[in-house]
Amino acid sequence: MSSENTAGAADGSGAGSSVVWDVAVVGAGPAGASAAHAAAVAGRRVLLLEKAELPRYKTCGGGIIGPSRDALPPGFELPLRERVHAVTFSLDGKLSRTRRSRHTLFGLIDRSEFDQGLVEAAQKAGAELRTGATVSRVEQHGPAVPDRRTVAIVLSSGETLLARAVVGADGSASRIGAHVGVKMEQVDLGLEAEIPVPSTVAEDWAGRVLIDWGPLPGSYGWVFPKGDTLTVGVISARGDGAATKRYLEDFTARLGLAGFEPSVSSGHLTRCRADDSPLSRGRVLVCGDAAGLLEPWTREGISFALRSGRLAGEWAVRMAESHDAVDARRQALNYAFAIKAGLGVEMGVGRRMLTVFSRRPGLLHAALTGFRPAWNAFAKITRGSTTLAEIVRSHPMARRSLEALDRPR
Ligand SMILES: Cc1cc2nc3c(=O)[nH]c(=O)nc-3n(C[C@H](O)[C@H](O)[C@H](O)COP(=O)(O)OP(=O)(O)OC[C@H]3O[C@@H](n4cnc5c(N)ncnc54)[C@H](O)[C@@H]3O)c2cc1C
C-alpha cells in the first residue's frame, strides 16, 4: 500500500480510513472477487466494495462451464448443486430430444453461495471487504483528488476513499462503466423463477437440463435443476418485455411447472459491449458485466467475469505502481489488448452465432439433436476442452458454414 496520507490523518485501520489503497474494486460478483483476489495475491492492499450485504441473490442460471471452472482461484472448491450429464433440446416446446454424455458436461451452482465463496477466497488472499458500500461515482480530477496518481471513490454516504487504481466490476448497470464510457451494442432481458418442487419432480430432472430455442428471434429458455429447486428462465432481446414474460409463462406451463409457487421471480438485463468500446479511463479499468463482457449468443457471463476480473486485478496492480499518466496508459492498453485477444475473439464468434441462430433456430436444433459432430462440439465447449472460436478457427467446414449462414441478407 502507498504510505502517503493524502486526505487527513491516516490511522491505517483499513476501510474507511484516509489511507490510499493500491487497488479498490467496485462490486463483489465473480468479476470483482476475481480482480480482488488477483491483486491481493500480488501482495497489494486491496479494498473490495459491495453495495449489498453478502450473501446476496443474483438472477442467474448458475451454469458453470469448463472455462469458468478453469478460471477459479487455485484451491477453490466449487459448491456444485448438480452435475449435468444430459441435455434435452426442444424447439419452442416441440421436437424434444435428449442427448446424454458419460462425462459431466457442466455444473450448476447457487449464485449466492458461489459468489460468497469467491469473496472469501479474495479475503483469504488479503483483500479487505466492505459491504453496504454503494459507490456513487469515481473522480480522477478536482478537489477530491489529491494528486494525479490517485482516484477518489465517492460512496452514497458521502464518504470518499482513495486508491491508486480502481477496477469497476459493478455489473450490467455499472456506474464505473458509465465513467469509462462503455458502449453496449446488445441488450437482453433475462427473466427467471426459482421453483421449489417435490422430490418426485426433482428426481426427473436430476443431472439433466433443458434448453428450448424460443419463439422470439435470438431467444431461448432453460431449466437448470439444483436439488429440490428448478431454475427456470428465458432470455430475449430487450424491447418487448411482455412477449418475453409470455414466453416464460408458456414455457413454465408447458413443462407442467405452473402449479408450483416460485420462491423468487426476478429479471435482469444483460449487456454486450460494442467491439470498439473502451475498457479503461485513466486509472480505472472495467471488467465482467460492467465492461459488457458476455458471450452474445448464450449470454454466458461467469467465465467472462472470472477471466476478465483476474486480468483487471493483475493490470490494476501494475497501474497502481505507475508514476505517471503515460505509464498508467500503457498498462491500460496492455489490459485492453489481453481482453481483446481472448474474450474479444470469443465475443466476435458469439455475435455471428447469434445472427445465425436468430434467423434459423431450427437449423441449430436439427444439428444438435441429429448430427453427432455438432453435439460432440457442444459437449467439448461446455467441458472446456475447446471454444467455439477455436472450432471456427481450426475446422474449415465449421468456418465455411458460419460464413455462409451469417452473410448479410
Ligand atoms: C437470467 C440470467 C441468467 C444467466 N445465466 C448464466 C449462467 O447460467 N451461466 C453464466 O455463466 N452466466 C449467466 N448469466 C450471466 C451472469 O449472471 C453474469 O454475466 C455475471 O453475474 C457477471 O458477473 P459480474 O461480477 O460482472 O457482475 P455481477 O454478478 O452482477 O456482480 C456485480 C456486483 O456489483 C455490485 N454493485 C453494483 N453496483 C454497485 C455500486 N454502485 N457500488 C458497489 N457495488 C455495486 C452488485 O451488488 C453485485 O454484487 C446470466 C444472466 C442472466 C441475466
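What you see here is a predicted model.

Now the hairpin. It is formed by β10 and β11, with four residues between them. In the turn, Gly158 has a positive phi of about 100°. Strand β10 covers residues 151–155, runs antiparallel to β11 and is joined to it by four bridges. Within that pairing, Val154 stands opposite Thr160 of β11.

β11 has other partners. Strand β1, residues 20–26, runs parallel to β11, and six bridges join them. There, Val25 has Val167 as its bridge partner. Strand β18, residues 284–286, also pairs with β11 in the parallel sense, over three bridges. Val167 turns up again here, opposite Leu285 of β18.

How much of β11 is buried? Eight of its nine residues, 160–168, are buried, so the strand is largely enclosed by the rest of the structure. Buried here means 20 or more other C-beta atoms within 10 Å of the residue's own.

On to the ligand. It is surrounded by 41 residues, and the closest are Gly27, Gly29, Gly190, Gly288 and Gly301. By type, the shell has 17 polar, 14 nonpolar and ten charged residues. Which elements supply at least two residues each? They include helices α1 (30–41) and α7 (302–321), along with strands β12 (184–196), β15 (229–237) and β16 (264–273). Domain 1 and domain 2 each give at least three residues to the shell.

Note on methods:
Residues are numbered from 1 along each chain as its sequence is written. This is a predicted model: local features need pLDDT of at least 70, side-chain atom pairs count only at pLDDT 80 or more; totals for chains, interfaces and linings use all residues. A residue is buried if 20 or more other C-beta atoms lie within 10 Å of its own, exposed if 12 or fewer, and partly exposed in between; C-beta atoms are placed from the backbone. Two strands pair if DSSP finds at least two bridges between them. A residue is near a molecule or strand if its C-beta atom, placed from the backbone, lies within 6 Å of it. Ala, Val, Leu, Ile, Met, Phe, Trp, Tyr, Cys and Pro count as nonpolar, Asp, Glu, Lys and Arg as charged, and the others, Gly among them, as polar. Domain bounds come from an automatic or database domain assignment.
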